Amino acid sequence: MNISEIKDLMTQFDSSSLREFAYNNQGESLVLSKNDAQLANPAVPSAPAPQAQVASAPAAPVAPANAEPAAQESPALQAAEGQVVESPLVGVAYLAPAPDKPAFVSVGDSVKKGQTLLIIEAMKVMNEVPAPKAGVVTEILVDNEEVVEFGKGLVRIK
């Protein structure tokens with residue numbers, strides 16, 4: 001694969017909705033990722049690794065402006081109490097039903113058992129995450145459009 005083919009792949013990847021892309025062919029390996037948590041994979045040869053970091057750079061401005069204050073408030077809420085609701089699967093967490101709609105829940109909201117806290121998209125399927133009990137949301141542990149792993153804390157309910 002030559003540099004122009006790599007640049008073309010990077011351009012197509014950047015404009016797509018894909019979050020990760022891996023290419024392996026006869027010893028050549030290329031990994032592109034828009035996920036902030038995963039930068040360069042140590043198994044990837046040193047030449048393609050900078051390309052993957054360049055491709056992930058545009059992902060930072062994509063995060064909505066309302067996600068920034070939540071990230072800044074998290075250290076202040078470290079002492080928050082309550083049960084942590086964990087992610088039941090791997091996927092992308094969405095705090096609202098649509099980009100132009102309000103969030104399902106906010107810190108301080110009272111929730112009922114079974115009420116939708118957020119949704120996790122996995123393989124183009126939207127999976128609602130229900131509240132396991134009635135209570136008050138004391139902390140939201142993820143940002144909108146954040147990639148979450150199985151068992152990662154999503155919301156804390158007291």
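How many bridges join strand E5 to E8, and do they run parallel or antiparallel?

Analyst: This is a predicted model, in which local features need pLDDT of at least 70, side-chain atom pairs count only at pLDDT 80 or more, and totals for chains, interfaces and linings use all residues. Residues are numbered from 1 along each chain as its sequence is written, and side-chain values use heavy atoms, with hydrogens and water left out.

Strand E5 (residues 110-111) is joined to E8 by 2 bridges, and the two run antiparallel. Strands (E, at least two residues) are, like helices (H or I, at least four), DSSP runs numbered from the N terminus. Two strands count as paired if DSSP finds at least two bridges between them. Within this pairing, Ser110 has Val136 of E8 as its bridge partner.

E8 also pairs with strand E10 (residues 153-157): 3 bridges join them, again in the antiparallel sense. Here Glu139 stands opposite Arg156 in E10. Buried means under 20% relative accessible area, exposed over 50%, and partly exposed in between, with a 1.4 Å probe and protein chains only.

Glu145 is found in the loop between strand E8 (135-140) and strand E9 (146-148). Glu145 has a positive phi of about 65 degrees, although it is not a glycine. Its relative accessibility is 31%, so Glu145 counts as partly exposed.

E9 belongs to an open sheet of 4 strands in the order E7-E6-E4-E9, with antiparallel pairing. E7 and E9 stand at the edges with a single partner strand each, so one side of each is left without a neighbour in the sheet. The twist averages 40 degrees from one strand to the next; the axes are lines fitted to C-alpha atoms, for helices over the stretch in contact, and angles run from 0 to 180 degrees between N-to-C directions. E9 pairs with strand E4 (residues 91-94) over 3 bridges, in the antiparallel sense, and Gly91 stands opposite Val148 in E9.

Lys124 has a positive phi of about 65 degrees and is not a glycine. With 65% relative accessibility, Lys124 counts as exposed.
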